[in-house]
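Please read the numbered points alongside the sequence and the 3D view.

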Amino acid sequence: MERVETLQREKRVLSRAEFEKKYAHLWLIVELDDSERQALFRTMVSSARRRPPTRRTRGGSMAADLDVEPDRYGLYRLTKTGNNPWSDRVCVGRAANNDVVLKNDRISKLHAYFHRQRGVWRLSDARSANGTRLDGSLVPAGDGLEVKGGQQVSFGTVAGELIASAELYDAL
């Protein structure tokens with residue numbers, strides 16, 4: 001997980017084009033619960049349940065609030081980390097071998113994955129116990145649904161938002 005403050009520092013030294021080139025991928029923004037925020041300061045990982053998303057302060061999107069409450073959100077790169085055997089998938093789940101690890105009891109060990117199909121990024125559910133939703137629609141296993149920045153996504157009860165690097169730069 002990337003800290004908002006870290007990326008804000010990068011924004012100060014990189015142009016929008018340089019930032020977009022360096023981070024040429026989608027991001028997942030997730031609202032952190034209180035114990036996760038405290039864990040960031042203790043450099044520990046928390047497995048506590050997330051509280052329901054709260055009212056956003058600007059425009060209803062998490063991205064719009066990044067500069068207002070940077071410690072409220074976690075940013076995850078949707079890129080391969082090499083932690084799992086699937087080279088064609090960016091895996092999301094609570095197990096440590098996922099590319100995006102979301103510590104929550106409502107998240108399956110391997111919950112969902114992002115993959116490219118015919119040049120387009122897609123999100124597929126990995127037959128998770130609590131489902132994956134994209135803009136409120138249930139995501140099927142297999143081919144899944146096409147994704148792009150600005151969409152709302154939820155893995156079980158964990159709500160998030162997808163954002164492209166250029167939009168992230170503007171939001172920071």
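**Note on the predicted model**

1. The hairpin. In this predicted model, strands β10 and β11 make a hairpin in which two residues lie between the strands. G156, located in the turn, shows a positive phi of about 60°. The two strands run antiparallel and are joined by four bridges; F155 has V158 of β11 as its bridge partner.

2. The other partner of β11. Strand β1, residues 26–31, also pairs with β11 in the antiparallel sense, here over five bridges. Within this pairing, I29 is found opposite E161.

3. Burial of β11. Strand β11 spans residues 158–164, and five of its seven residues are buried; the strand is therefore largely enclosed by the rest of the structure.

4. The largest nonpolar core. Which residues have the most contacts inside the largest nonpolar core? They are L28, V100, L102, F114, L123, F155 and L162, in a core of 20 residues. Strands β1, β3, β5, β10 and β11 each contribute at least two residues to this core, and β1 gives the largest share, with three. As a general matter, nonpolar side chains in soluble globular proteins tend to be buried together.

5. The surroundings of L28. Residues up to four places away in sequence being left out, L28 touches residues including G74, L75, Y76 and L78. Its contacts also include V100, V153 and F155, as well as G160, E161 and L162.

6. The site of S128. Is S128 buried or exposed? With a relative accessible area of 11%, S128 falls under the 20% limit and is therefore buried. This residue lies in the loop between β6 and β7. Its side chain forms a polar contact of 2.7 Å with that of D125. Apart from neighbours within four places in sequence, S128 is in contact with S108 and H111.

7. Confidence. The chain has a mean pLDDT of 84, and 84% of its residues reach 70 or more. Among the elements, helix α3 (residues 34–42) has the lowest mean, 52, whereas strand β7 (residues 132–134) has the highest, 97. The pLDDT is below 50 over residues 38–58, although this stretch has 54 contacts in the model beyond near neighbours in sequence. Where pLDDT is low, the predicted coordinates should not be read in detail.

Note on methods. Residues are numbered from 1 along each chain as its sequence is written. This is a predicted model: local features need pLDDT of at least 70, side-chain atom pairs count only at pLDDT 80 or more; totals for chains, interfaces and linings use all residues. Side-chain values use heavy atoms; hydrogens and water are left out. Buried means under 20% relative accessible area, exposed over 50%, partly exposed in between (1.4 Å probe, protein chains only). Two strands pair if DSSP finds at least two bridges between them. pLDDT is the predictor's confidence in each residue, from 0 to 100. Contact means heavy atoms within 4.5 Å. A nonpolar core is a set of buried Ala, Val, Leu, Ile, Met, Phe, Trp, Tyr and Cys residues joined through side-chain atoms within 4.5 Å. A polar contact is a pair of N or O atoms within 3.5 Å; within protein, one must be able to donate a hydrogen and the other to accept it, and residues adjacent in sequence count only if both atoms are side-chain atoms.
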